[in-house]
Amino acid sequence: MTSETITAKASGTCALGDLSVSRVGFGAMRLTGSAAFHHGTPSDRDRSIAVLREAVELGVDHIDTAAFYFSALRSANELINTALAPYPDDLVIATKVGPHRDYDGDWATSARPDQLRGHVEENLRQLGRDHLDLVYLRRMGQDSIAEHFGALAELREAGLVRHLGISSVQPRHLAEAQAIAPVVSVQNRYALDRPDPEADELLRRCGEQGIAFVPFYAVAGETGERGATASHDEAVLAVARTHGVSAAQVRIAWTLHQGPNVVAIPGTGNPDHLAENVAAGVLRLAADELARLNAARQNAG
């Protein structure tokens, strides 16, 4: 499979409320360094900007970011603003609020409901926008998300936010949020090497209701914020050899095969990996390959 002429449009589309995006988007976390947050070394700024512009040229119309995506020298939102503003009309930028990092990079106390407006406004300022297309409430372990999600619903009514999503939640939180305002997307950790019955249940519920399901760390696996995993099950490697693709591409393809409402947001600061990630959107896995990968997932962990 060659990646040079494959664009994100070839992956198909998925609805985020009244917005339509390609099923392969771009996660901005890895733009800031060799690993996310304070891990690794800061990225080359010009290279990160070039990756963003190449992503749009490859048809990517959905970028996932956050104000807390920064390293010692780089801010994902600043890079996005510099590279892409004035933004294409069809570009959807999703961000998330709730977690908070101090300027020195340490994680601080997550936002109270009354502080979420400040988080939204900081994203607006950094991105240079007058509204945000999609804002996720990233749950930080609280039992109920009603008060926090209600605060975001008020910002939606005020016109600062177009659509709302929830992230890092349990199945019961979806119904809790929907009782307050429409939920167009759920973003949870979900990966081929990470069996998770709660995530499977959320995926099922989202599929039944036409809600987008946007997995994070689908390529990174257990290494999470430290970058893409180099450890792959033999089933993944075997499928990769059959198709002449990378293991990461198989992981992205498997993710997309979980349902037409699933949207992948692989991130990278490497232009070659970017093209491979986008090309994974057209990789079709046979039924026996999916069965083998699913069996490997059940045996993982």
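**Terms and the values behind them**

Tutor: The elements covering the buried residues of α9 include β3 (26-27), α1 (45-57) and α8 (247-256). This is a predicted model, in which local features need pLDDT of at least 70 and side-chain atom pairs count only at pLDDT 80 or more, while totals for chains, interfaces and linings use all residues. Residues are numbered from 1 along each chain as its sequence is written, and side-chain values use heavy atoms, with hydrogens and water left out.

Student: Which residues of helix α9 are buried?

Tutor: In α9 (residues 271-279), they are Leu-274, Ala-275, Asn-277, Val-278 and Ala-279. Buried means under 20% relative accessible area, exposed means over 50%, and partly exposed lies in between (1.4 Å probe, protein chains only). Helices (H or I, at least four residues) and strands (E, at least two) are DSSP runs, numbered from the N terminus.

Student: What caps the N-terminal end of α9?

Tutor: Asn-270 does, with a side-chain oxygen 2.7 Å from the backbone nitrogen of Asp-272.

Student: Why is Tyr-217 called buried?

Tutor: Its relative accessibility is 17%, so Tyr-217 counts as buried. Tyr-217 lies in the loop between β11 (212-213) and α7 (234-243), and has a positive phi of about 60° although it is not a glycine.

Student: Why is Ser-168 called partly exposed?

Tutor: Because its relative accessible area is 22%, Ser-168 falls in the partly exposed class. Ser-168 is also not a glycine, yet has a positive phi, of about 55°. The loop that holds Ser-168 runs between β9 (161-167) and α5 (171-178).

Student: How many disulfides does the model contain?

Tutor: The count comes to 0 disulfides, a disulfide being a pair of cysteine sulfur atoms within 2.5 Å. Cys-14 is in no disulfide, since the nearest cysteine sulfur, that of Cys-206, is 10 Å away. Likewise, Cys-206 is in no disulfide, its nearest cysteine sulfur being that of Cys-14, 10 Å away.

Student: Why are Cys-14 and Cys-206 classed as they are?

Tutor: Cys-14 has a relative accessible area of 8% and is therefore buried. At 0% relative accessibility, Cys-206 counts as buried.

Student: What is the omega of the peptide bond from Ala-85 to Pro-86, and is that bond cis or trans?

Tutor: Omega is near -5°, and the bond is cis. Pro-86 is placed in the loop between α2 (76-84) and β5 (92-97).

How values were computed. Contact means heavy atoms within 4.5 Å. A polar contact is a pair of N or O atoms within 3.5 Å; within protein, one must be able to donate a hydrogen and the other to accept it, and residues adjacent in sequence count only if both atoms are side-chain atoms.
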